[in-house]
Amino acid sequence: MQAESVQSEPAQVAPAATETANAEAPQAASPRTGRIEVPVPSVVRARERAEIAAGNPVVLRAESLTKSYGQVLAAADVSFEVHAGSLTGVVGPNGAGKTTVLSMITGLNRPSSGRISVHDIDVWGKGPAAKRVIGSLPDRLRLFDRLTGGQLLYYAGVLQGLDQATVAKRAAELATAFGLESALDRPVSDYSAGMQKKIGLACSMIHAPEVLVLDEPYETIDPVSASNVTEILEKYVAGGGSVIMSSHSLDLIQRICDHVVIIVDGSVVAQGTVDAVRDGVSLEERFKHLTNPDDEGKGLEWLRGSSDSE
Amino acid sequence: MVARLFRLRVALLLSVFRGGFREVSRAVILALLAVLSAALLAWLPLWLAGTAGDRAAIDIILSSVLLALVALVPFFANLGSLEPRQFGAFPASPASIATGLFLSTLLSWPTIWLLIWMASLAALRPEWAGVPLAVLIAGVLTLLLAIALARVSSALVRLAVPARAVSGLRWVGLVLLLTTLPVLIFLVADALRSPRSQAIQDAATVFGWTPFGAPAAGLSYAVHGDVAAAAAHFGVTAAALIVLLLCWHLIVARSLTTVERPAPAGVTRDGLEIFERFPAKPRAVIAARALTYWRRDPRYRIALFAIPVAPVIMMAALWIAGMDLHVLALLPLPVILLLFGWSVHNDVALDSTAIWMHVASGTKGTHDRAGRLAPVMLIGLPLAVIGSSITVTISGDWRLLPAVLGMNIAVLLVASGVSSVFSSFMPYPATRPGDSPFAQPAVQGSGAGLAQTLSMLVALVLALPPVLFAAYAIAYPTFELNVMALVLGVLWGLILLGLGVLIGGKAFDRGAPELIAVTQTFD
């Protein structure tokens, strides 16, 4: 649009005149052109996406997932749904059972009871078929880190049943997308924590899954890479994929996710679109209220900088 | 076509003498050496054998080996310069190309070498002078068979093996050569030591009925006046020749009408190291990964250092106890192979939690099991074969070779199969990835001793039947018993290995999430 407005001016304008033309032409043509274009922030896209996704079919359905370790209930009757094209965040305090729930979805942790299905394929009944449509990034599990980044990507792709031409093409594109091209020949064990997270993310995507289950994908990733990852995830979701990810950062979840599931002590205490869950206040305030409604600021009276009391 | 191909052959023959003084002199020296070696090979049996009968037997064995090499060498290292596909663009029928290529092979350096060898044989065997017709038939059959074998095997490899796999094939050939060389050298050494051994006669009889040894065997019968036996032996080779010629024509026709499947566009497997040598299938990449880990991760190497120690101590103890050295020589290799196969009984624990990748991708348990055994098999099998020939050399009776080989292969395969089951059934804490290989596992106790003892016991018990049978065959070394021990050992080993992979794979399929949970507690 800017180019058009310039061309509408006489061709022999001096460069200095062009600038003024640029500044003035918008008023004549349209009020939007000419200003520095502010990219639509993630949060706006997320709000828009929430409405669209709510109307999409459900791709992932967890039905009363329960996991008990002896007397301890790590997950109690967890049920939620993820719609196609949505970016769903799972949040909860430390030890709430987020990892347990996510690894039950990816087939890495057998639930004590309950059912989890992806595209109506039972993950625990028809494992291999379901696992073809799930991409997973577990937290705190090792990678085969003696392999180089390139070998690891190739390994992940072939294990998912891709042919070698596809693997080669996708591995190269994923490496570029995550900024890992120069590191592909180095062993993964030499990578920094953030790079390991990124190669793990790339491995989880190589078979073009329909659902990505990511446990703490943003942990240890630097801010620039994080926005890069957000971009990739949003593109993936815009293409019809679904993401379910956990994070400690409520700010991040509020910014990029359209749906959210809040888990406290192994149970779902709230779920729905981010706007519905936060109910007018910030997600953090809402979360605080949900996790410990009454005992705010209690205890620790002795913990203060000056020791002049008594 | 035929005449043209002959002209091409002559040009190729003479091309080695082209170039500067250095090249020409080198070619001449090589040619002289080749002539000398052919004549020496023809003279060798005279020196080795005491009696005419032994000499004939050695002749049969030697010519069989030579013809087998003629078939095998082009298969693994294809050096041919004229191949059917090069003539695909010319207006000639497949039949005329096939005939032309076949006949013109007469004018190649290997064929000329073969002719020199046969001429030297004829000159050095006075007894052949009485049966000129049989000599002529045997000579022509040998020559034609050699050409047919070389042509068929080199054309077959060009047709069936893609160009990018040729280097891999050469490696396989090298490994095979290295594994058979000790056996061959030992056989020759043994023949040197005791030329009147009955075994050489037995072997010659067996070799004589293969197409490779049949011309020489037929000639030997002709010398003794047994025309019927001679004709039967010549018939074997003639039949083989007809089959090979048919194959040759079919292969040429097929080569001329097909092209090699081009490599898929955009495939670059550069920088994948070992992975480049394996196909893009789950089982194969797991094998490549295991091999990469054995190479890069010191934990695997350290575990192997202890293996030779046990048999050395055992040998010392038994030697002091006064055991016969010939029997003692048989012991170390099976013990080493047992420990080697057993060494991967906790393989999953060494991967630690990284095993999630196999689980999350829905990898089949049997693929996981089979792939992991690649390093053990790739090192263990050549070790078993080379080691068996060395064992037999030390113990001093080469008739034991089949039984010893069968026993060792059985022990290796059984131990690997048992390991396959135990590594998915009973993992116990191992040194974590990245820790010093000498470091103790982070978690102690939890079943390490039980898993080790149990897996070793099971491997020992299951390896017992073929070992006992082999021991019997070693005690009563007849040819039949030895071959039976070999067959039984290999079959028994294969069956138990297959069962181990199946059962271990099932256990992996069923208990994969629990396996992750267990490795998490170790980590």
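## A buried serine, and the ground rules

With 24 C-beta neighbours inside 10 Å, S352(B) counts as buried (20 or more other C-beta atoms within 10 Å of its own; 12 or fewer is exposed, in between is partly exposed, and C-beta atoms are placed from the backbone). S352(B) isn't a glycine, yet its phi is positive, at about 60°. Look for S352(B) in the loop between α16 (347-351) and α17 of chain B; helices here are DSSP runs of H or I with at least four residues, strands are E runs of at least two, and both are numbered from the N terminus.

This is a predicted model, where local features need pLDDT of at least 70, side-chain atom pairs count only at pLDDT 80 or more, and totals for chains, interfaces and linings use all residues. Residues are numbered from 1 along each chain as its sequence is written, while chains are lettered from A and ligands numbered from 1 in the order in which they are written.

## Confidence in chain A

Chain A averages a pLDDT of 81, with 84% of the residues at 70 or higher; pLDDT is the predictor's confidence in each residue, from 0 to 100. Where pLDDT is low, the predicted coordinates should not be read in detail.

Chain A has a positive phi to look at too: H119(A), near 55° and not a glycine. H119(A) sits in the loop between β4 (113-118) and β5 (121-122) of chain A. It is partly exposed, with 16 other C-beta atoms within 10 Å.

## Chain B overall

Chain B has 22 helices and zero strands. Its C-alpha atoms fill a box of roughly 80 × 65 × 45 Å along the principal axes, and 40% of its 523 residues count as buried. Of the chain B contacts between residues at least 6 apart in sequence, 81% join residues at least 24 apart.

The largest nonpolar core has 159 residues, and L152(A), A202(A), V411(B), V414(B) and A415(B) touch the most other members. A core here is a set of buried Ala, Val, Leu, Ile, Met, Phe, Trp, Tyr and Cys residues joined through C-beta atoms within 7 Å. Helix α20 (residues 401-425) of chain B gives the largest share of this core, 15 residues. Beyond neighbours within four places in sequence, V411(B) contacts P334(B), L337(B), L338(B), A463(B) and V467(B). A second, separate core of 51 residues includes I97(B), F102(B), L219(B) and W248(B).

In helix α8 (residues 198-208) of chain B, the buried residues are I200(B), A203(B), A204(B), F207(B) and G208(B). Down the axis of α8(B) they fall within an arc of 135°, so they line one face of the helix; the arc is that of the directions from the helix axis to the C-beta atoms.

## Where the chains meet

The contact takes 35 residues from chain A and 33 from chain B. On the chain B side, α11 (282-296), α17 (356-360) and α22 (479-522) each give two or more residues, with α11(B) giving the largest share, six residues.

Conventions
Two residues are in contact if their C-beta atoms, placed from the backbone, lie within 7 Å.
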